[in-house]
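Here are a few friendly comments to read alongside the structure.

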Amino acid sequence: QATLERVGLEAGPLSQWLHAGLKAAGFPVLCIETRHLKAALGAMRAKTDRNDARAVAQVMRVGWYRAVHVKTPEAQEQVALVTARKLLVNKLVDMENSVRGLLRGFGLKLGVVGRVRFEAKVREMLDGAPRLLAIIEPLLIARAALKAQLAVLHRQVLQTVRHDPICRLLMTAPGVGPVVALTFKSAVDDPARFAQSAAVGVHFGLTPKKYKSGETDRSGRITKMGDELVRTALYEAASTLMHRVQRWSWLKAWAVRVAQRRGAKRAQVALARKLAVVLHRMWCDGTEFRWSRAEVATA
């Protein structure tokens with residue numbers, strides 16, 4: 001152990017747990033970027049555990065790697081909370097869509113109905129069709145259970161945000177609610193690991209792909225290389241800012257100008273990227289969101 005300079009550990013589902021155990025045992029362990037390691041392993045003809053270990057050792061020896069940030073235990077718990085909540089949201093939507101699909105086969109269309117009146121609307125439509133109601137009834141019971149447990153997790157999110165000063169600071173930005181604030185905060189964990197705020201948008205895959213070689217120079221869609229949960233949360237926050245927030249701000253004015261030039265969808269993606277940069281800068285400076293350019297200029 002005394003002769004070891006560094007120990008490489010490929011990022012993966014168990015990497016955080018293994019990293020904590022190795023670090024507690026006194027090893028100089030680093031969690032390394034999977035894409036870099038994949039390129040090194042791809043050059044090997046035979047894939048075995050022994051060859052993989054040799055490749056990792058060679059990568060660590062020559063320094064051709066990029067260390068991955070390992071989140072603190074508090075951030076890991078917060079990530080687990082928002083992930084579990086998102087899972088129940090997706091399952092609830094899947095359940096409602098399944099009920100809609102089953103009813104559509106009998107010529108029954110629910111139409112636009114909110115989550116509160118969904119079950120009552122279904123029962124109203126099935127009045128007089130007891131056999132079909134007997135089939136749909138278990139799905140409605142399962143949906144009610146999902147909805148109840150989603151409420152439990154959402155209360156945990158609200159309670160966590162209520163006692164977290166960073167989340168409350170981030171929520172001063174328009175369009176950013178408790179879920180978005182906690183998702184962003186838990187994913188970033190340590191704002192100091194980004195030398196520039198502009199790098200946050202790149203980290204979460206919100207910047208366009210770039211291909212430039214010779215006379216070819218083109219930009220593609222966003223890379224989508226970062227945390228999908230954070231990217232989705234920022235996109236939803238941008239949508240809320242553009243379409244629901246009534247109070248005017250320099251950020252919304254910027255998004256409107258982009259929408260006029262490039263279209264609403266591209267503007268929403270650009271606003272999500274801009275919002276990530278703004279939230280990181282707010283966190284680093286410890287300042288609330290400034291609604292006007294004049295406030296930004298005098299800061």
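This is a predicted model: local features need pLDDT of at least 70, side-chain atom pairs count only at pLDDT 80 or more; totals for chains, interfaces and linings use all residues.

1. Let us start with Asp 189, which lies in the loop between α8 (178-188) and α9 (198-203). Its phi is near 65°, a positive value in a residue other than glycine. Most residues other than glycine have a negative phi. Is Asp 189 buried or exposed? Asp 189 is buried because its relative accessible area is 16%, and buried means under 20%.

2. Lys 224 also deserves a visit. This residue sits in the loop between β4 (216-222) and α10 (228-243), and its phi, near 55°, is positive in a residue other than glycine. With a relative accessibility of 56%, Lys 224 counts as exposed, since the cut-off for exposed is over 50%.

3. Lys 224 belongs to a patch of positive charge on the surface, together with Lys 209, Arg 221, Arg 257, Arg 261, Arg 262, Lys 265, Arg 266 and Arg 293. Which elements give two or more residues to this positive patch? They are α11 (250-262) and α12 (264-285). The largest share, three residues, comes from α11.

4. Finally, have a look at Glu 96 in helix α4 (residues 73-104). Its relative accessibility is 11%, so Glu 96 counts as buried. The Glu 96 side chain makes a polar contact, at 3.0 Å, with the side chain of Arg 143.

Definitions and conventions
Residues are numbered from 1 along each chain as its sequence is written. Side-chain values use heavy atoms; hydrogens and water are left out. Patches are made of residues with over 30% relative accessible area and no salt bridge: like charges are joined within 9 Å, nonpolar side chains (Val, Leu, Ile, Met, Phe, Trp, Tyr) within 5 Å. Accessible areas come from the Shrake-Rupley method with a 1.4 Å probe; for residues, only the protein chains shown count as cover. A salt bridge is a side-chain nitrogen of Lys or Arg within 4 Å of a carboxyl oxygen of Asp or Glu. Lys and Arg count as positive and Asp and Glu as negative; His and the chain ends are not counted. The place of a charge is taken as NZ of Lys, CZ of Arg, CG of Asp or CD of Glu. Helices (H or I, at least four residues) and strands (E, at least two) are DSSP runs, numbered from the N terminus. Buried means under 20% relative accessible area, exposed over 50%, partly exposed in between (1.4 Å probe, protein chains only). A polar contact is a pair of N or O atoms within 3.5 Å; within protein, one must be able to donate a hydrogen and the other to accept it, and residues adjacent in sequence count only if both atoms are side-chain atoms.
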